[in-house]
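Subject: Structure handover

Hello,

Here is the structure you asked for, with notes on what turned up in it. Please read the notes with the structure open beside them.

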Amino acid sequence: MIGGGIGGLTAAAALHRSGLRVTVLERAPSLRPIGAAISLSPNALRALDVIGLGDEIRDLAAWQGDGGLRTPGGRWLSRSSAEAAAARFGGPLVLLHRSTLVERLAALLPPNAVRTAADATVADPGDRDRLARVRTPEGELEADLVVAADGIHSVVRRALFPDHPDPVYSGFTTWRLVIPVPGVAFASHETWGRGRIWGTHPLKDGRVYAYAAAVAPAAGHAADERAELLHRYGDWHDPIPAVLAAARPEDVLRHDVHHIAEPLPAYHRGRVALLGDAAHAMPPNLGQGGNQAVEDAIVLAHHNQDLAAYTAARLPRTTAIARKAVKVARLNLMRNRAGTAVRDATILALSKAGPALLLRGFDGIADWRPPQPPYASRRTQVGEHNER
């Protein structure tokens, strides 16, 4: 396993559960991820059920869905319901810190299965009659299967498909922070402005997860990113000013967004399989990047003896979702004044016609089920939301 992020660790846990010996090679000095929170939709939670982790994550996470979409002035364009989403897709949408998920995934692996500070590359992808070879600082390893989960700037992807175009800049940058905001009560929301969005959501531990995105030139960074957020969002509706007031400059993470615009011809070559951002990096606007990596991992474990079947199962689905994420990014980061007015009026009309109309955008995504049982835990029942 090259890469010890969420996708790589899920694949390692699934392959280990299948009886295979696994080694995770992570180039960072520790598994603690750089990032904030992650939203897991029912499709990913069902995938985690396959490795026995779904219920634990449901218990640790905050259920999402009670809130909605707002304008910068605070007007509600649509209201959402956790119960309605769970009923439609067979389970909840949840939110937790990435580090929590990484810790729980790593705990499923045997001792010493994870090697950190291990910068690995593929020396030979192998074939039917030849094992793959992975080069590490400590020497070469041979493997029946190599899983490359080394991120959007994947070295392995470049080695397998050297003529394929690199990821492209998506046209916007993002900020994320997880902080306590004492004394502030609010409903979860995402707010769409002109070329800018903001989201605020509570975590189960009492902290607040906030994120923002704005159309901006690539590689632009401010000396003080909190001040940059104040400049862009400080006059938006509550609780945004309170969140920014509680934040310190060091709490704010900023990253430009890139995606793979042209799909790869396959997600494997020889005995090497790509998954997650290494295979199909997409904008975060559907919240499916990490979810699709988890799906990849479970499907790969199911097809670990037939990587062509893995590609056939995953490439069409992830390509369609990635293209949809690009379209959604263009919609919610629209800058034209007349266009945003039409967008907001359309959303408001659809919301009045019925919340289910807005949920339809996740049909075929959130209702996905893994190819191997168990398909879902009994503890995904909608009625449990009221007890959490």
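This is a predicted model: local features need pLDDT of at least 70, side-chain atom pairs count only at pLDDT 80 or more; totals for chains, interfaces and linings use all residues.

Threonine 71 sits in the loop between β4 (67-70) and β5 (76-80). Its relative accessible area is 14%, and buried means under 20%, so threonine 71 counts as buried.

Glycine 67 is in strand β4. With a relative accessibility of 3%, glycine 67 is buried too. Setting aside residues up to four places away in sequence, glycine 67 touches Trp76, Ser78, Arg79, Ser80 and Ser188. Glycine 67 and alanine 149 are 82 residues apart along the chain, and their C-alpha atoms are separated by 34 Å.

The seven-stranded sheet

Strand β4 belongs to an open sheet of seven strands, in the order β5-β4-β13-β14-β15-β12-β16, with mixed pairing. β5 and β16 (253-259) are the edge strands, each pairing on one side only. From one strand to the next, the twist averages 15°. Within this sheet, β13 (residues 188-192) and β14 (residues 196-202) pair in the antiparallel sense over four bridges. Glutamate 190 has glycine 199 in β14 as its bridge partner. In general, strands of a sheet pair through backbone hydrogen bonds, either parallel or antiparallel.

Helix α11 (residues 307-332) lies across β12 (168-179), β13, β14 and β16. The helix runs at about 75° to β13.

The three-stranded sheet

There is also an open sheet of three strands, ordered β2-β6-β3, with antiparallel pairing. Its edge strands are β2 and β3 (62-64), each of which pairs on one side only. The twist here averages 30° from one strand to the next. β2 and β6 run antiparallel and are joined by four bridges. Serine 39 stands opposite leucine 95 in β6.

Which strands does α5 lie across? Helix α5 lies across β2 and β6, and runs at about 90° to β6. The buried residues of α5 (residues 98-106) are Ser99, Thr100, Leu101, Val102 and Leu105. An α-helix has 3.6 residues a turn, so residues three or four places apart point the same way. The cover over the buried residues of α5 includes the helices α1 (6-17), α2 (42-50) and α3 (54-60), together with the strands β2 (37-40) and β6 (93-97).

The second largest pocket

The second largest pocket has a volume of about 740 Å³. It is lined by 24 residues, of which Arg21, Ala143, Asp144, Leu145 and Val146 are the closest to its centre. What kinds of residue make up the lining of this pocket? Twelve are nonpolar, four polar and eight charged. Strands β10 (139-143) and β11 (146-148) each supply at least two residues of the lining. The largest share comes from β10, with three residues.

Regards

Methods. Residues are numbered from 1 along each chain as its sequence is written. Side-chain values use heavy atoms; hydrogens and water are left out. Buried means under 20% relative accessible area, exposed over 50%, partly exposed in between (1.4 Å probe, protein chains only). Contact means heavy atoms within 4.5 Å. Two strands pair if DSSP finds at least two bridges between them. Axes are lines fitted to C-alpha atoms, for helices over the stretch in contact, and angles run from 0 to 180 degrees between N-to-C directions. On a 1 Å grid over the protein atoms alone, a cavity is a set of points where a 1.4 Å probe fits but cannot get out, and a pocket is an open set with protein on both sides within 12 Å along at least five of seven lines; lining residues have an atom within 4 Å of a point. Grid points are joined across faces, edges and corners, and a volume is the space filled by probe spheres set on the points. Ala, Val, Leu, Ile, Met, Phe, Trp, Tyr, Cys and Pro count as nonpolar, Asp, Glu, Lys and Arg as charged, and the others, Gly among them, as polar.
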